[in-house]
Amino acid sequence: MSIDREESLFLTVSEDHSQRPIPEFVKTMGEPVRQLGGMAAAYEGVVLGGADKVFGLDELNLWLRRYRFAAYDMELLLPIAHMCLEYAVRLRIREERPGIQTMAQQAARELLETDPLNLRVTSRNWMYIYWMVRQFPQAADPESLRILRHLSGFDTMVELFVQLVEASARCENARDLVEQAVLLYHKIFTRFFAPDHDKDPVPDNHETPDPMAQPLDEGEPPEPDPAQAELSYEKAGAVLTDGIELPEDALAAIPESLEKNFGPSYQTAQAREELERTVCVDIHENRRLLLTDGLPESAYEGVSARAENLRASRAGNQKMMEEHASAVHQGISSIAQAFRNALNLKNEPEVYRADRGVLVSRDLWKAGRCKDPKLFEKVFRQDDSTVVVELLIDASGSQSVRQAMVAMQSYMFSAALSAIHIPHRVMSYCTYGDHTVLRRFRDYDDSPAADRRILEYRATSNNRDGLALAAAGVDLMRRREDHKIVIAFSDGLPNDMVSGRVRAGKPKKYVGEEAVRDTCFQVRKLRRAGAYVLGVFLGDDDELENERMIYGSAFLRIRRAEDFGGSAGKRLSEILLQL
């Protein structure tokens with residue numbers, strides 16, 4: 001059977017002359033170039049042959065498949081992986097294949113001159129043009145050079161981009177190479193280029209908004225530089241800081257009022273006092289806690305104003321669920337499926353080619369003919385690690401304008417986790433006087449029926465985010481599961497304007513920079529203890545900077561209900577694969 005030039009080059013460079021199909025994701029990765037014909041397609045055969053020899057196509061496919069099941073955008077990730085693969089292979093085999101540099105340059109000229117891949121259409125793809133021009137200056141055409149002028153002023157981004165691509169040459173195996181591509185995916189292509197930039201017109205001038213102003217959406221953030229943090233805290237302190245201090249007689253009446261409006265405590269007095277001694281310290285000293293399962297159903301009955309308000313609040317949440325029933329159903333399925341795929345992938349045995357292990361008899365012919373025949377297979381069995389999730393929902397008055405939406409999104413998360421039997425607890429928090437109330441909708445091991453109680457969510461009063469995180473974290477860290485995840489629904493504005501008792505020498509009000517600083521501290525404290533903390537941003541643009549400061553890049557921002565399930569599912573599966 002005859003073979004074409006591309007396949008002939010592939011078999012020659014790979015040093016394995018047995019005809020075989022190209023694995024699915026590796027084939028998809030290079031398909032656009034192969035379809036062009038000419039030198040570009042011929043060089044693609046060289047790249048694939050070198051990739052098979054250096055990394056192994058099956059191993060590459062295995063790791064690309066892993067990120068497909070993590071709900072990554074493969075239309076974005078595969079070209080990035082191809083760029084890293086081409087560079088790594090070219091540098092690895094150029095000594096034994098000296099003609100590869102000339103072929104690569106001619107292929108780059110074909111891609112740049114006629115732009116058959118439409119790289120000039122989107123600003124995201126300009127990075128591929130930049131890379132080819134950087135590698136092969138003689139292949140650059142006038143139109144490509146004109147486009148690259150619009151990258152002027154983005155020196156920080158371009159420098160980071162080059163560093164990350166060049167690091168591909170140091171990758172020792174297929175896993176390292178794919179993970180380097182994923183790093184580019186996060187650090188450059190999804191950070192600086194919005195996903196809806198399908199058709200970016202080439203501007204007529206050189207003034208372009210600074211991409212550094214774009215929010216980070218993924219990845220675990222590094223610890224902030226103290227000097228920069230101080231500058232940011234000053235901006236956070238610009239909110240109104242004239243709080244209200246309650247008199248002693250008003251404070252004395254609070255416990256009775258709290259039980260009437262939020263429900264009795266499910267803790268014993270001893271357990272509550274022990275928890276308060278643990279977390280009510282520093283800026284939270286002399287504050288109190290109420291952990292409750294909410295009001296009984298009888299509180300929703302009758303004709304009193306309170307009963308009518310409770311019924312109206314719950315009915316509003318239910319109406320939102322009914323109006324977006326299809327989005328809710330799809331969202332639950334998306335989150336559950338993405339998480340299930342990630343769990344299955346973590347527990348699935350992975351098979352690698354190696355120089356020791358189980359002998360693959362069909363490849364014995366390679367012995368003495370190939371430099372590194374890899375005649376054995378090695379099976380790596382993942383651990384059956386377990387996961388537990390803590391869902392915390394900001395129930396302060398600032399959420400009243402979006403109360404039904406918050407309830408719906410929280411329900412989607414909880415129902416999805418219930419569907420795949422992930423233990424999780426859902427609590428809302430608000431602060432009233434010197435008490436912070438944590439309302440438990442469902443406990444870790446409750447049945448799925450408990451998820452509906454989230455529709456009783458109400459937004460009222462103030463919020464001490466730091467204290468709520470600290471209190472919830474105590475029970476979470478006692479759990480036996482291997483991996484612990486905290487998901488906090490918040491507007492990035494911790495604010496306790498109505499203070500309780502105030503001590504001399506301590507911050508008087510939990511607002512502005514002091515509140516943000518404390519919440520940052522509690523998030524980092526949980527992370528140091530081993531928990532992964534993710535923020536789901538519910539606020540307005542004015543509070544976005546606070547959210548970024550508190551959660552770093554580990555937060556989600558979803559503007560539309562229809563988008564919530566897909567974005568949340570993708571993010572959760574990414575977290576699980578990183579654990």
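Mentor: Start with a cut-off. A residue is buried when its relative accessible area is under 20%. Keep in mind that this model is predicted.

Trainee: What makes Cys84 count as buried?

Mentor: Set its value against the cut-off. The relative accessible area of Cys84 is 0%. Buried means under 20%, so Cys84 is buried.

Trainee: And Cys171, buried or exposed?

Mentor: Cys171 has a relative accessible area of 5%. The limit is under 20%, so Cys171 is buried too.

Trainee: Where is Ala40 found, and is it buried or exposed?

Mentor: Ala40 is in helix α3, residues 38-54. Its relative accessible area is 1%. Buried needs a value under 20%, so Ala40 is buried. Look also at Leu111, which is 71 residues from Ala40 along the chain. The C-alpha atoms of the two are separated by 7.5 Å.

Trainee: On to the sheet. Which strands form it, and in what order?

Mentor: Seven strands form an open sheet. Read them as β2-β8-β7-β6-β9-β11-β12, with mixed pairing.

Trainee: Why do β2 and β12 count as edges?

Mentor: Count partners. β2 (288-292) and β12 (555-557) each have a single partner strand, so one side of each has no neighbour in the sheet.

Trainee: How much are neighbouring strands turned against each other?

Mentor: By 20° on average, with direction ignored.

Trainee: What makes β2 and β8 a pair?

Mentor: Strands of a sheet pair through backbone hydrogen bonds, either parallel or antiparallel. The rule for calling a pair is at least two bridges. β2 and β8 have five, in the parallel sense. So they meet the rule for a pair. One example is Leu290, whose bridge partner in β8 is Val437.

Trainee: How do you know that β11 and β12 pair?

Mentor: Use the rule again: at least two bridges. β11 (residues 531-537) and β12 have three, and their sense is parallel. Val536 has Leu556 as its bridge partner in β12.

Trainee: Which strands pair with β6 (residues 387-394)?

Mentor: Strand β9 (residues 483-490) joins β6 through seven bridges, running parallel. β7 pairs with β6 over six bridges, also in the parallel sense. Leu392 stands opposite Ala488 in β9.

Trainee: What lies beyond β9?

Mentor: β11, which runs parallel to β9 and is joined to it by seven bridges. Ile487 has Leu534 as its bridge partner in β11.

Trainee: What makes β6 "mostly covered"?

Mentor: Count its buried residues: eight of eight. Val387, Val389, Leu391 and Ile393 point one way. Val388, Glu390, Leu392 and Asp394 point the other way. Both sets are buried.

Trainee: How many residues of β9 and of β2 are buried?

Mentor: In β9, eight of eight are buried. His483, Ile485, Ile487 and Phe489 point one way, with Lys484, Val486, Ala488 and Ser490 pointing the other. In β2, four of five are buried, and that strand is called mostly covered as well.

Trainee: Last topic, empty space. How do you know where it is left?

Mentor: Rolling a probe the size of a water molecule over the atoms shows where. A cavity is space where the probe fits but cannot get out. The count is three cavities of 30 Å³ or more.

Trainee: How much space lies in the largest cavity, and what lines it?

Mentor: About 160 Å³. Its lining has 15 residues, and Phe262, Ser428, Arg439, Glu456 and Arg458 lie nearest the centre. The elements giving two or more residues to the lining are α13 (254-262), β7 (424-432) and β8 (435-442).

Trainee: How do the lining residues divide by type?

Mentor: Nine are nonpolar, three polar and three charged.

Note on methods. Residues numbered from 1 in each chain as written. Predicted model: local features only at pLDDT ≥ 70, side-chain atom pairs only at ≥ 80, totals over all residues. Heavy atoms only, no water. 1 Å grid on protein atoms, 1.4 Å probe; cavity = no way out; pocket = protein on both sides within 12 Å on 5 of 7 lines; lining within 4 Å. Points joined across faces, edges and corners; volume = space filled by probe spheres on them. Nonpolar A, V, L, I, M, F, W, Y, C, P; charged D, E, K, R; others polar. Buried < 20%, exposed > 50% of the residue type's maximum accessible area, 1.4 Å probe, protein only. Axes fitted to C-alpha atoms, helices over the stretch in contact; angles between N-to-C directions.
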